[in-house]
Amino acid sequence: MRTTRVTVAAFVAAAALALTACGGEPAKSSGSVTQITGTGKAGSATVLDRPFDKPDLVLTDTTGKPWNLREQTKGRPTLIYFGYTNCPDVCPLTMSNIAVARKALPKADQDKLQVVFVTTDPERDTPESLGKWLKAQDPSFIGLTGDFATIQTAARSLGIGIEAAKKEADGSVVSMHGAQVLAFSPKTDEGYLLYGESTTVDDYTKDLPKIIKGENP
Amino acid sequence: MNARTTRTLAAALSLTAALAISGCSSEPEGKTEDATPKLTVSGAFMPEPVDDKMAGAFMVITNDSKTPDKLTGLTSPLSDDLQIHETKDQKMRQVASLDVPANGRLSLERGGSHVMFMGLKTKPKVGDKVKVELKFAKADPVTIELDVKDRTYTGQSSNAH
């Protein structure tokens, strides 16, 4: 128990080091990103000591209609990820891992699971382009876009730091995705599990049946 | 438990240290030897792209010589715009080149640096091969074939178990 906290602390400290090490840009304080404390590693998942409340978030879905996170996912097992579609590596990998793992669930459980992809690049990810991209992964996935500040606030409340897409001098756009997938329990509607970037399809396949029931993996 | 935690901790720290180092190191001014670097490419793959807008590719370039080199560009029949990207802190940015250190390797791995294909002429499927020519600062160009894999494939060299 104690050692785990040390590990998490080390991660945070090390991450801070990595961020400041290059010092190219002055590390502008990115507001308050909620501190994460984990009780322990359950396989690839981190079980959170203090689970997160579901953010009060209303964004636009891929059909262009308003979508209320709390209302639409109430009492349902839910995975949330912050990413963008002009992303060749981690974003599609994460969504594909979840898509493959979801298909391994019994049909009834597949229908219960809500997978929500919130864009970190709303300027380029329109409802239409987001819908097309997600459909290629799993048509059941929900894609949300809207005002970046609103998205950033919601991400921060879940301990996920994201920055706005930035146009470089050469015209290329630097976007950023969240590092974690957060799982919300159907029993409490709280975010209780955290999955990092290196979580594999096997990890998700193993854990999803537990998440469907709101249990710890 | 204790041992495991310690190992995790050590791995986390060393991983981050590696990131920090690779992120910030200035050009290692290699020994100037005339010998052309001997480069080999292994484990080259492309996860099946989601759409025809873009694709990523990954590989390990090994340099079995005392001469450092750089990957400076790529061409492929699949796209007219291939870019080299470096990923740090969940952000990726285009770079002009990546170092292939002497007696070392350049690992383009999932979650890290990668090659990005913009505007695909076709949409490759699992099992397809994609031809790519790699250009280096010193070594002769190397032509390879990328294996198109499942989107969930992470490569053998990945530390993602």
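Where does Gln137(A) sit in chain A? Its place is the loop between helix H5 (127-135) and strand S7 (142-144).

## About the model

This is a predicted model, with local features needing pLDDT of at least 70 and side-chain atom pairs counting only at pLDDT 80 or more, while totals for chains, interfaces and linings use all residues. Residues are numbered from 1 along each chain as its sequence is written, and chains are lettered from A and ligands numbered from 1 in the order in which they are written.

Helices (H or I, at least four residues) and strands (E, at least two) are DSSP runs, numbered from the N terminus.

## Gln137(A)

Gln137(A) counts as buried because it has 21 C-beta neighbours inside 10 Å. The scale runs like this: buried is 20 or more other C-beta atoms within 10 Å of a residue's own, exposed is 12 or fewer, and partly exposed is in between, with C-beta atoms placed from the backbone.

Who does it touch? Setting aside neighbours within four places in sequence, Gln137(A) is in contact with Met95(A), Ser96(A), Ala99(A) and, from chain B, Val50(B) (contact being C-beta atoms, placed from the backbone, within 7 Å). Ala99(A) is 38 residues away along the chain, yet the two C-alpha atoms are separated by 6.4 Å.

## Two positive phi values

Most residues other than glycine have a negative phi. Asp189(A) has a positive one, near 60°, in the loop between strands S10 (181-184) and S11 (191-195) of chain A. It has 18 C-beta neighbours inside 10 Å, so Asp189(A) counts as partly exposed.

Over in chain B, phi of Asn103(B) is also positive, near 45°. Asn103(B) lies in the loop between strands S6 (98-100) and S7 (104-108), and counts as exposed because it has 12 C-beta neighbours inside 10 Å.

Notes. Two residues are in contact if their C-beta atoms, placed from the backbone, lie within 7 Å.
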